[in-house]
Amino acid sequence: MTVSLRLGPVLRHVGPTTATVWVETDAPCDVRIRVDGVAVAAARTFTVHGHHYAVCEIEGLAPGSVLPYEVFLAEDRVWPEPDSPLPPSVLRTLAPDAPARLLYGSCHTPTGDTPEGLVRYGPDMLRATARRLAREGLGAVDGQARENLALLLIGDQVYADELQEPMRAFLRQARLGRVRGEGPGDDAPEDEVVRYDEYAELYRQAWSDPQVRWLLSTVPTLMVFDDHDIRDDWNTSAAWRRSMDDHPWWRTRMTSGLGAYWVYQHVGNLSPDARDKDPLWAVVRDHRDRGSDAGDTLDSFAWRAHEDPASYRWSHRHDIGGVRVLVADTRCGRALGEGDPHDGSRSILGPEGHDWLDQHLTGGPEHLVVASTVPILLPPSVHHLEAWNEAVCGGAWGAAARGPAEKLRQALDLEHWGAFQYSFHRLADAVLEVARGGRGPAPATVLLLSGDVHFSYLARARARKGQTTSRVTQLVSSALCNQLPPNFRRAAALSASWPFHLAGKIMTRLAGVRRSPLSWRLAERPYFGNTIGEVAFDGREAEARWYHCPQGGGEALPEIRRRVRV
C-alpha cells in the first residue's frame, strides 16, 4: 500500500545544530528526512484516534545552515511535490551571532484568496508572505544564513466555531453516518467542530494551501492557541465556563481541541531535550512502540489540563541570537476567581503561569519579547472599560450590578489583560523592573507582541514614575486573514478616540480601579486591513514593519505599510 503525506512537512523548533520536522500521513509508516541527498533522520509515526503523525528530529547540523531537504515515506519521496513553482523547502538552524527577524500574526481563516474570500476576509497574508520570501531568497548565501528567521503564529490558527463552507460540508457528511446509527450521536452544534477527526480535517484545510504549506515547510514556526482554537471567549470568566459545562458535547470539544492542539501545534514548539522530558510525549512514544492508538491517553491528558491548568505548561521560551522570546499561555492557564480582582484568585496566566514568566522575564539579552495572544496594552479607553467591568463584576458597585456587568463582559469580549488587573499590574511591575536594570542588564527593548483584535497598531509605553533604560513598546498585528466587517471597524475606531479615553478614566476611578504604573498611547490610528508584522533585530537596534496587500490576493506581493524604530 502506498502511503501519502496528508499534511506538512512543517518546520518547527530549530536550534544551532538541530531542526524538527512534523508531518501527518494517511497510514502508519516510517518517515525519513534527507538533506542534500543524505538520510539524516527517521521516525516511526504515532497514532491518535486513527490519524498518524511523525516528529523527525534532525541533529548534527552546522549552526546557521540553510539546507534543502526531502521527505520520504518508506521508499517514496513525497516532498517537495513535483513541478512546484516554489523553491525547495529548507532546514534553517540558528546562527548565534546573526541578526534576527521575527514574523508574527494571528487570526487566519483559509480562503485561498478566492474572490468571495477577498471581499469578506481580505487577502491572505500567509500566502502573500510565502510569495515574498520565495522572491527574496530566504536570506541565505551558499547555504549559510545571513539572519535568523522565525514565524510566530500567536493564536487562532484555526477557527473551530466559525467555519468556511468546505468544513461545514465535511461536518454534514461526517455526522450523517452518526445520525444513521454508525457512531455516537449528541447535540453538537451543526456549525462547529467537536470531535478529534473534525479537528484533524480543520487543520488539514487550514494548512493545505500550496503557498501556506510551503511557508510552513521552510520557515521555523512557533505557535500558541487563542480562543477560537477552542471556542470564542474561551475562559472569559467563571460564569462563561459554567455555562459551557452545561452542554453535553463540551467535554468532547475540550478533549478534542486541546488534544489536537498538542499534536498539531504544541509538540513542535519543544526542543528535542524538552520533548524528551515531556510526560505526555513519553506515553505517546510508548503507544507508538507498542503499535497502539494514543487517542484515549490524549483525551485524558487534555481533560486534566482543562480541569487542572497547573498540571501542564503550555508557555515556552526561545533564545534566537540576542533575542529572548517568551510565548505565554493566556487561555488555558487562566484562574477565574470571582472575588476581589486584586487578590490573585483571578488572573490571565494563573499562578504557575505568572511564576514561569517571572522566572524568564530577566535582563541579559539584547531584546526581550513577550508574545501574548491578546494585547497587553490595548487602546487606553478599552483598557479602562475592561478594568471597570472587572471591578463591577467583582462587586465594586454592589451585588445588583454584577449580573448585568457579566452579561456586558461576555457580549463585548472584555477579557484581555485590562480585564485581569492583578495580572496586568504584576506584569507591568516586572517589565518596569527589567527595563530599569533591576533584573540584570537592561535590554535595549522590551517588546510586547500580540494579535487577536483584528486591527494593528503600535503603542509606546513609559513609567509614570522614574526613568527606564529599555524602550517598552506594544506591537499588534492582526488579522492574517480575517478582516473586520465595516460596522465593527467603525466601533473599534470610535473606542480608541479621546472622548472614550476620558470617559474610561472616570469610570475606573468611580469603580476604585488602581492606577496603572505604565502610561501609553497609540502612535497613530489603528489599521484595519489584514497585516503580518515583522521585527528586525540587529545588535541593540530594532525596527518594526507591517506588511499588507493593497492590491488584493492572487499573486500580488505584499508591501510595507509602515516601518518604525522601536
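Author: One term before we start: helices here are DSSP runs of H or I with at least four residues, numbered from the N terminus. Keep in mind too that this is a predicted model.
Reader: Got it. How many salt bridges does the structure hold?
Author: The count is 43.
Reader: Okay, give me one inside a helix. Which residue does Glu406 meet in a salt bridge?
Author: Glu406 meets Arg409, at 2.5 Å from N to O. The two are 3 residues apart in helix H13, a separation of about one helical turn.
Reader: And is Arg409 buried or exposed?
Author: Arg409 is buried, its relative accessible area being 6%. Glu406 counts as buried too, at 12% relative accessibility.
Reader: Where does Glu198 end up, buried or exposed?
Author: Buried: Glu198 has 0% relative accessibility. Arg175 is buried as well, with a relative accessible area of 12%.
Reader: Now something in the loops. What does Arg334 meet?
Author: Arg334 and Glu415 meet through their side chains in a salt bridge, 3.3 Å from N to O. Arg334 is in the loop between strands E16 (323-328) and E17 (335-336), and Glu415 is in the loop between helices H13 (402-411) and H14 (421-435), so the bridge ties together parts 81 residues apart in sequence. Arg334 counts as buried at 4% relative accessibility, and Glu415 is buried with a relative accessible area of 2%.
Reader: Which residues are linked in a network of salt bridges?
Author: One such network links Arg101, Arg132, Glu136, Glu147, Glu534, Glu543, Arg545 and Arg563.
Reader: Switching to strands. In what order do the 6 strands of the open sheet run?
Author: The order is E14-E13-E10-E24-E25-E26, with mixed pairing.
Reader: Which strands stand at the edges?
Author: Strand E14 (221-224) and strand E26 (559-565) do, and each has a single partner strand, so one side of each lacks a neighbour in the sheet. On average, neighbouring strands of this sheet are turned by 20° against each other, ignoring direction.
Reader: In what sense do E13 and E14 pair?
Author: Parallel, over 4 bridges, with E13 covering residues 148-154. Within E14, Val224 has Ile154 standing opposite.

Definitions and conventions:
Residues are numbered from 1 along each chain as its sequence is written. This is a predicted model: local features need pLDDT of at least 70, side-chain atom pairs count only at pLDDT 80 or more; totals for chains, interfaces and linings use all residues. Side-chain values use heavy atoms; hydrogens and water are left out. A salt bridge is a side-chain nitrogen of Lys or Arg within 4 Å of a carboxyl oxygen of Asp or Glu. Buried means under 20% relative accessible area, exposed over 50%, partly exposed in between (1.4 Å probe, protein chains only). Two strands pair if DSSP finds at least two bridges between them. Axes are lines fitted to C-alpha atoms, for helices over the stretch in contact, and angles run from 0 to 180 degrees between N-to-C directions.
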